[in-house]
Amino acid sequence: MSVTRHLSRGRDLARTAGDHAADMFAPLTVLGRGLRHHSDWAKARWAATPKEKRGPTLFLTAAVVLGVFLIPRGPLFALIALMASAAWYGRSPKAAPAPAAPDAGDLKLAALYAALTPYLAGPDEPSPLYSPEGSHKTAFSGWEFDAEGRLAALELAYPAWFTDTEPSTRVRIEQVLQGKAGRGREYRFDWDEEANRLRVSALAPLATDILAQPFVTTPGEIVLGFTDAHDSHRTIPVTQGGTTAQQPPVIWRTGPRAGEPHLLALGTAGSGTSTLLRSIALQALRHGDLMVIDGAGTGEHACLVNRPGVHTVETSLRGTLAALEWAANETERRLTALNAARHHGVTVPEDVTRPLWLLLDHPTELTELAHAEGRPDPQELLELPLRHGRAARVTVVIAEDLTAYERLSPTARATTRARVVLGQTTAETASAALAAALDITPAAGRTEPGRGYARLGTAAPVRLQVPVTVDPLDEEAPTAQREAVIALLPHRDTRTEAAADPLVKAPAAADPAPQVPDMPKEPPTIRPRPVW
């Protein structure tokens, strides 16, 4: 007989012996289960008895036991009664384990499937993807949850008859998905119209602790802010939280070969449009000259007054008209000098190729004031810099309230092909301001200052977080943020800005503080430049 047959026969004998042993000891198992039940009941009653009643309880129990022993054949009857009770309570097998709690992820997916069913269920489909009796596993092909149990990614299929080319039907589905997955986050929706599939991904918050600092860029490149890694083709080193990190920037390229020579930033009050202008001004001063028009008159750009490279910072209507008239003449002068240099085959003068930046903060406020006083509209003086600024190295940046978009001149709306929308907004409003469909659903609730979306030319809109560039004259701003901006200004006033760099020593005899005119009355003083 082979070893295998011996092993097989041994297993059969062991199994048979185990079955007979189980049958033989079954009564003892029942009695043991019942006695354990009585023991647990006695322990529970003793634990529930108050301490002041435990003494009388013990005395009464001892009296009962003594009485049983005094009765003829009492212990025998007591033993028989105990065994019968144990057999009665031990007759039922051990209680089955409680069913496992349903998976929270399956519950969320089922609720999401049920919410989409009224919009994606077809009455005449032979095998519908969405039906009241269906399961989410038939329509959802992949999903992912984060560490907090929230939906992080989802891929689903939808019927072929669904009108995925209409923005209104898309918005309805996106609202349902955002409502069920959580409105406190931003979601990106990738519609695959060819395969009838939709991929939803929750976007992580952008970094909000990047201060103003010298960015690693070439002349003509402006860092508007930072975005997601998959929306940028490069990263730059930045100082973040005391360490150096690599962050993906949103780069706006200017110059004579730029496709988007001018920029328009829209937002609501406190959204960070003035912060964006200050960030652009600090970067532009490294290689060019500035002219700032503060139409709101809030003094947000007073830190640029009397700085090298800053021609003027205007807040009054009269000063604005004079400054913009000079900017128009300067644009024409540059064009004439460029044409003459090309015609004669000589080098273009340096004062013609040096970039000139026109930064306008809420110009429509001055437009209304000019109409009320019967003066020329300041936006009319921007026609020449907007139309021919790219060739003349003149760049216009306009920051305006989102509700005043229609009050901008048609030329300003047509030539500003670089767009930024900041602050709390809806997908429809952002799409209208960016002139492109926004495939990102904004988060509900309050957003951080400088948070929004950007679109450069014909590229797809991306998320944007502007670097923290506070007004250094704002005493309520944190000291570290103020000093970061002061360190980037072209020069430092040692009496008020020494805290920005402790290594810079103040001179022995400082000159008197420069007088900053609050309402300039005369046209800005511009140094004469040669004209060909």
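The model is a predicted one, in which local features need pLDDT of at least 70 and side-chain atom pairs count only at pLDDT 80 or more, while totals for chains, interfaces and linings use all residues. Residues are numbered from 1 along each chain as its sequence is written, and side-chain values use heavy atoms, with hydrogens and water left out.

We begin with helix H10, which spans residues 363-373; helices (H or I, at least four residues) and strands (E, at least two) are DSSP runs, numbered from the N terminus. Within H10, Pro 363, Thr 364, Leu 366, Thr 367 and Ala 370 are buried, a word that stands for under 20% relative accessible area, with exposed over 50% and partly exposed in between (1.4 Å probe, protein chains only). Seen down the axis of H10, the buried residues fall within an arc of 155 degrees, so they line one face of the helix; the arc is that of the directions from the helix axis to the C-beta atoms. These buried residues of H10 pack against strand E10 (289-294), helix H8 (317-344), strand E12 (356-361) and strand E13 (394-401), where contact means heavy atoms within 4.5 Å. After H10 comes Gly 374, whose phi is positive, near 70 degrees.

We turn next to the aromatic rings. Rings of Phe, Tyr and Trp (its six-membered ring) pair if their centres lie within 6.5 Å, and planes under 30 degrees apart count as stacked, over 60 as edge-to-face and the rest as tilted. By this rule the count comes to 7 aromatic pairs. One of them is the stacked pair of Tyr 113 and Tyr 130, with 5.2 Å centre to centre and 20 degrees between the planes. Because Tyr 113 lies in helix H5 (residues 104-120) and Tyr 130 in the loop between H5 and strand E1 (140-145), the pair ties together parts that are 17 residues apart in sequence. Tyr 113 is buried, with a relative accessible area of 4%, and Tyr 130 counts as buried at 0% relative accessibility.

The rings of Phe 162 and Trp 191 have their centres 6.1 Å apart and their planes at 10 degrees, so this pair is stacked.

Finally, Arg 413 lies over the face of Tyr 405, at 5.8 Å from the ring centre, and Arg 451 over the face of Tyr 453, at 5.5 Å. A charge sits over a ring if NZ of Lys or CZ of Arg is within 6 Å of the ring centre and within 35 degrees of the ring normal.
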